Amino acid sequence: MTPFRSIPALRACAVALGLAAAGAAHAQADFPNRPVTLIVSAAPGGTTDIAARLIAQPLGVALGQSVVVENKPGASGGIAAQAVARAKPDGYTLLLQYSGFQVITPHVTPTSGWDPIKDFAPVANVLSAPQVVVVRPDLPIKSLKDLVAYAKANPGKLNYASSGNGSLQQVATELLNQMAGTQITHIPYKGTGPALNDLLGGAVDMTITTPPPLLGQIAAGKLRALAVTGNTRLASLPDVPTAAEAGYPDLIVSSWFAMYAPKDTPAPVVDKIAGEIQKIMQTDAFRQKAAEQGAEAEFMGPKALGDYTQAELDRWGKVVKGAGITAN
C-alpha cells in the first residue's frame, strides 16, 4: 500500500506530467510559431538546392512562417544528414535530401555516423527526375554510342564529375562503365553545382545528372545531351533519346528529392508539413515549375516515402556491392 505521506508527491508528479503533456500538445497545435530551417545536403546550383527552394517559399506561405534554406554540402550528404539527425525533433529543422545520398551513401560509407532509416521521420517526396548524360561540346562525341567508342579508343582518358563519392551520378556512370566495358574516371565534387562549374570550365569531360541544372546550359550549346536515363523522352528535351533508344536499355536511373525530419518528431507536426506540401504540389504552378526543370512533382507522404526509402536502400545496396564502389 502506498504510504499516506507520499500521496501529495504523487499528485504533484501527476500534475507536472499533465502540464508537460498539455504543453507538448499545445506546441504541436501551435506549430510553427517561428521560422523553419530547411537544411540542404548539396551546394547551391544543383537539383537538390533547386528542389528545396522550389518548395520552401510556398511552404513558408502555407505555414505562416519563413522556411529558410541552409546549404550544408559535403561528405556525400553526411554533413547535412548528421545536422538534422541531431537536431531537436520539433519540426523546426528539416532535411531536403538527394536520393543518392540517402540510399547509396550508407552503403558506401557504413560508418558515416547516421542511419537513413532509424535517424529520420519521412515527411514527403518533392521532386523526381531521370538523369541526363551530357558531355563538353568540344569533344567529338554526339551520341551515347560515340561516347562508348571514344572511351574504348582512349582508355582512362575521359573523366566524369559527380556530386560526391557514392552519389547516384557515380553509380549511374559506373553502371555504364560495367555495361559498355569502358574506363571513364570518376572526379567527385561537393555537390552538383561545383561539379557543373568545372564541367562548363572544361576541367572534366562529362556527367550524368538530373535535368534542372543542365537545361539552360544545353539550350545555350554549352553542354551536349546524349541520352536520358528514364523510360520516356523528356518534354523539355524532346530530341534527346532515352538510353534504351541509344542502345543501353538497362541504363534506367532516376533521382528523387525528399524531405525528412529528425526521428521522434511528433506525427501531427510531420503530417501538417506533409499535408501542406501535398497541396502545393497539386497546384498547376508548382507542376509547371517542376516540368520546366525537367522534373516531376511526384508526391509521397510519410508512410509511402518511408517504404520507398527502404526499398531503394535495398536496391542500390546490391548495385554498390556489385560495382565495388567505396568512399575513396
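Which residues are buried in helix H6 (residues 144-153)? In this predicted model, they are Leu144, Leu147, Val148, Tyr150 and Ala151. Their directions span an arc of only 165° around the axis, so they lie on the same side of H6. An α-helix has 3.6 residues a turn, so positions three or four places apart point the same way. The face turned away from the buried side of H6 carries exposed residues: Lys145, Lys152 and Ala153. Several elements cover the buried residues of H6, including strand S5 (132-135) and helix H7 (168-180). Strand S8 (206-209) and strand S9 (224-228) are also among them.

Elsewhere in the model, 5 strands form an open sheet. Their order is S2-S1-S3-S10-S4, and the pairing is mixed. Strand S2 (67-71) and strand S4 (120-130) stand at the edges. Each has a single partner strand, so one side of each has no neighbour in the sheet. From one strand to the next, the twist averages 20°.

Within this sheet, strand S3 (residues 93-98) and strand S10 (residues 254-262) run antiparallel and are joined by 4 bridges. Leu96 has Met259 in S10 as its bridge partner.

Two helices that pack on the sheet are described here. Helix H2 (residues 47-63) touches strand S1 (36-40), S2, S3, S4 and S10. The direction of H2 makes about 165° with that of S2. Helix H10 (residues 267-281) also packs on the sheet, with contacts to S3, S4 and S10. The direction of H10 makes about 20° with that of S4.

Definitions and conventions
Residues are numbered from 1 along each chain as its sequence is written. This is a predicted model: local features need pLDDT of at least 70, side-chain atom pairs count only at pLDDT 80 or more; totals for chains, interfaces and linings use all residues. Side-chain values use heavy atoms; hydrogens and water are left out. Two strands pair if DSSP finds at least two bridges between them. Axes are lines fitted to C-alpha atoms, for helices over the stretch in contact, and angles run from 0 to 180 degrees between N-to-C directions. Contact means heavy atoms within 4.5 Å. Buried means under 20% relative accessible area, exposed over 50%, partly exposed in between (1.4 Å probe, protein chains only). The arc is that of the directions from the helix axis to the C-beta atoms.
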